[in-house]
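The following questions and answers examine one protein model step by step. Please keep the sequence and the structure in view while reading.

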Amino acid sequence: MPYQFITQAKLPTRYGEFDIHVFENDEGQEHVMLSVGLPINTPHTADTTQTDPALPKAVAETTSIPLVRIHSECLTGDAFSSLKCDCGPQLNTAMQAVQEAGCGAILYLRQEGRGIGLTNKIRAYALQDQGHDTLDANLMLGLPADARIYDMCGPMLAHVGVKQVRLITNNPDKVQYLTEHGIDVAERIPLVVGVNDINADYLATKRDRMGHLLDKEINTALHLNK
């Protein structure tokens with residue numbers, strides 16, 4: 001499904017000023033990129049699935065490799081500071097890190113609840129309240145463990161000329177996707193923040209059943225050992 005760049009503006013935040021870019025697919029789904037120190041293109045509707053020779057040279061050709069975070073929407077964590085997950089602290093830490101790096105982006109993807117939507121996510125929460133883990137709760141609802149896709153990331157990064165990244169993630173699927181689509185992941189930077197006694201089981205499930213790269217050597221301090 002093709003993605004189009006729609007518009008952009010300045011976005012001042014408590015971490016510093018970002019350029020906020022809006023993209024939309026042919027089904028009307030919107031995604032957002034927050035960027036710092038990357039090329040700014042004239043706001044217009046353009047099909048980012050095509051290579052535009054007028055775009056600035058790739059940032060990969062400069063001395064600074066952009067710091068990038070792919071972050072899927074989490075209303076409960078990002079907006080309501082839920083302790084059930086680590087999403088809010090991950091987003092905040094990534095925003096601060098990109099600002100400090102001076103070159104990078106947050107790709108904020110509108111796929112709530114690992115792609116199952118808000119209503120189903122809360123249904124899964126209810127099952128977790130009964131003692132089921134985050135993966136089994138989805139499966140009990142007849143839903144995939146993880147329905148997220150990342151096909152919008154390539155066009156979003158291409159819009160600002162990025163071909164090489166330092167990727168902030170614990171999820172090997174994100175590294176694999178970018179690599180398979182021609183984006184060089186020069187470095188994977190772990191992001192373990194927001195850990196608490198309420199979400200310890202959630203994080204252990206991501207580590208033990210979903211393959212997330214959460215370092216076992218720090219698990220004692222993070223209450224992740226079972």
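Q: Which residue lies over the face of Tyr125?
A: This is a predicted model. At 4.9 Å from the ring centre of Tyr125, the residue over its face is Lys84.

Q: How many helices and how many strands are there in the protein chain?
A: The protein chain has 226 residues, and 47% of them count as buried. Its secondary structure comprises 8 helices and 8 strands.

Q: What percentage of the contacts with a separation of 6 or more is accounted for by residues 24 or more positions apart?
A: The contacts considered here are those in the protein chain with a separation of 6 or more. Among these, the share that belongs to residues 24 or more positions apart is 62%.

Q: Which residue in S6 stands opposite His71?
A: Strand S6 covers residues 104-109 and pairs with S5 in the parallel sense over 6 bridges. Within this pairing, the residue of S6 opposite His71 is Tyr108.

Q: How many bridges join S5 to S7?
A: S5 and S7 run parallel. Arg69 stands opposite Ile168 in S7. The number of bridges that join S5 to S7 is 3.

Q: Are the rings of Tyr150 and Tyr177 stacked, edge-to-face or tilted?
A: The count of aromatic pairs comes to 2. Planes under 30 degrees apart count as stacked and those over 60 as edge-to-face. The ring centres of Tyr150 and Tyr177 are 6.3 Å apart and their planes stand at 50°, so the pair is tilted.

Q: How many residues apart in sequence are the parts that the pair of Tyr150 and Tyr177 ties together?
A: Tyr150 is buried, with a relative accessible area of 8%. Tyr177 is buried as well, at 13%. Because Tyr150 lies in the loop between helix H5 (134-140) and helix H6 (153-159) whereas Tyr177 lies in helix H7, the parts tied together are separated in sequence by 27 residues.

Q: Is Ser81 buried or exposed?
A: Ser81 is placed in the loop between helix H1 (75-79) and helix H2 (87-101). Although Ser81 is not a glycine, it has a positive phi of about 60°. A residue counts as exposed when its relative accessible area is over 50%; with a value of 56%, Ser81 is exposed.

Q: What separates the C-alpha atoms of Ala126 and Ala137?
A: Ala126 belongs to helix H4 (residues 118-129) and is partly exposed, with a relative accessible area of 36%. Ala126 and Ala137 are 11 residues apart along the chain. Their C-alpha atoms are separated by 8.5 Å.

Notes. Residues are numbered from 1 along each chain as its sequence is written. This is a predicted model: local features need pLDDT of at least 70, side-chain atom pairs count only at pLDDT 80 or more; totals for chains, interfaces and linings use all residues. Side-chain values use heavy atoms; hydrogens and water are left out. Helices (H or I, at least four residues) and strands (E, at least two) are DSSP runs, numbered from the N terminus. Buried means under 20% relative accessible area, exposed over 50%, partly exposed in between (1.4 Å probe, protein chains only). Contact means heavy atoms within 4.5 Å. Rings of Phe, Tyr and Trp (its six-membered ring) pair if their centres lie within 6.5 Å; planes under 30 degrees apart count as stacked, over 60 as edge-to-face and the rest as tilted. A charge sits over a ring if NZ of Lys or CZ of Arg is within 6 Å of the ring centre and within 35 degrees of the ring normal. Two strands pair if DSSP finds at least two bridges between them.
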